Amino acid sequence: MKKSIFLYLIIILLGVAFLQSIAAEKIQVDVKNSYNPRDEVTFKIILYDDQNNVIKENIEYEIQNFYTEVFKKDTLMSGEYSTFVLPENALRGRWAVIARARGTETRQLFTVMEYEKATITLEKQVLLITNVGNVPYTKPLLIIIGDHEETALVPLSIGETKSLTLTAPDGTYDIRVSDGTEENTLEFNDISLTGNVIGLEKTEQGGFFYRNPILTLFGIVLICASIAIFVIRVLKK
């Protein structure tokens, strides 16, 4: 019995010594320095022992954005490649691939570049412009209604949508919209428009309460005060 216990101890000690002999010396993360939103990011993680030999085992990794929020979390076999696609609105700035194995951690940074991009759609006679990039959208819009040209500045914060109503004497028109990029050079044919003159009108966002926040706040305060006075009177009876 004692010999068996002694044998087990020897095996355990030999196992520990073996593991120490192949302990991770370093983790290497290979990734390009910079990417644009919508790019496919390809990276490789390699785990080495203290003799600079590659250790083949799964490595935990995280992809963190500029605010250290976890964008992706998974495992990857040492020496193999993995890919992911950056969204259109990926935060600009320094991102990181963080790899962990055997008590060792490596952080490799890469940069997500600025990306100014909007989507433009036409619903009946309302032009909708939405910022889908990762910086404020400031491009001027050239809008051609028939033979009439208009230039509109529609500044948009990230994720914001604004709308313009296209007006013209009753009839159908060919409309062309461009912000100077090939992707956002659009043509709409035989669009029915109404109005007194050819031009653009800013469309109010939301209803009365959205457009008049001070009056809305005053109304809420007045209602709350009325309810409080009513409750106090009831309790005094």
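Student: Why is Arg38 called partly exposed?

Tutor: The relative accessible area of Arg38 is 42%. A residue is buried under 20%, exposed over 50% and partly exposed in between (1.4 Å probe, protein chains only). Arg38 is therefore partly exposed, as 42% falls between these limits. Please note that this is a predicted model: local features need pLDDT of at least 70 and side-chain atom pairs count only at pLDDT 80 or more, whereas totals for chains, interfaces and linings use all residues. Residues are numbered from 1 along each chain as its sequence is written, and side-chain values use heavy atoms, with hydrogens and water left out.

Student: What makes the contact of Glu183 with Arg38 a salt bridge?

Tutor: The term requires a side-chain nitrogen of Lys or Arg within 4 Å of a carboxyl oxygen of Asp or Glu. The closest N and O atoms of Glu183 and Arg38 are 3.5 Å apart, so the pair qualifies. Glu183 lies in the loop between S14 and S15, and Arg38 in the loop between strand S2 (34–35) and strand S3 (40–49); the two are 145 residues apart, and the pair links distant parts of the chain. Here a strand is a DSSP run of E, at least two residues long, numbered from the N terminus. Glu183 is partly exposed, because its relative accessibility is 44%.

Student: How do you know that Lys117 also forms a salt bridge with Glu183?

Tutor: Their closest N and O atoms are 4.0 Å apart, so the pair still meets the definition. Lys117 is in the loop between strand S8 (104–112) and strand S9 (118–123), 66 residues from Glu183. Lys117 is buried, because its relative accessibility is 9%.

Student: Which residues are linked in a network of salt bridges?

Tutor: Arg38, Glu88, Lys117 and Glu183 are. The structure holds nine salt bridges. Another is that of Glu62 with Arg100, whose closest N and O atoms are 3.7 Å apart. This pair joins strand S4 (residues 58–64), which holds Glu62, to strand S7 (residues 93–101), which holds Arg100, across 38 residues.

Student: Are Glu62 and Arg100 buried or partly exposed?

Tutor: Glu62 is buried, because its value is 9%. Arg100 is partly exposed, because its value is 30%.

Student: What makes the pair of Trp95 and Phe110 tilted?

Tutor: The distance is 6.2 Å centre to centre and the angle is 40° between the planes, so the rings pair but are neither stacked nor edge-to-face. Trp95 in strand S7 and Phe110 in strand S8 are 15 residues apart, and both are buried. The structure holds seven aromatic pairs.

Student: How do you know that strand S11 (residues 140–145) and strand S14 (residues 171–178) pair?

Tutor: Two strands pair if DSSP finds at least two bridges between them. S11 and S14, which run antiparallel, are joined by four bridges, so they pair. Leu142, for example, has Ser178 in S14 as its bridge partner. S14 also pairs with strand S15 (residues 185–193), in the antiparallel sense, over seven bridges; the partner of Val177 in S15 is Leu186. S11 and S12 have six bridges, again antiparallel, and Ile143 has its partner Glu150 in S12.

Student: What is the order of the strands in this open sheet, and which are the edge strands?

Tutor: The order is S12-S11-S14-S15. Strand S12 (148–153) and S15 are the edge strands, as each pairs on one side only. In the hairpin of S14 and S15, six residues lie between the strands, and Gly180 takes a positive phi near 95°.

Conventions
Phe/Tyr/Trp six-rings, centres within 6.5 Å; stacked < 30°, edge-to-face > 60°.
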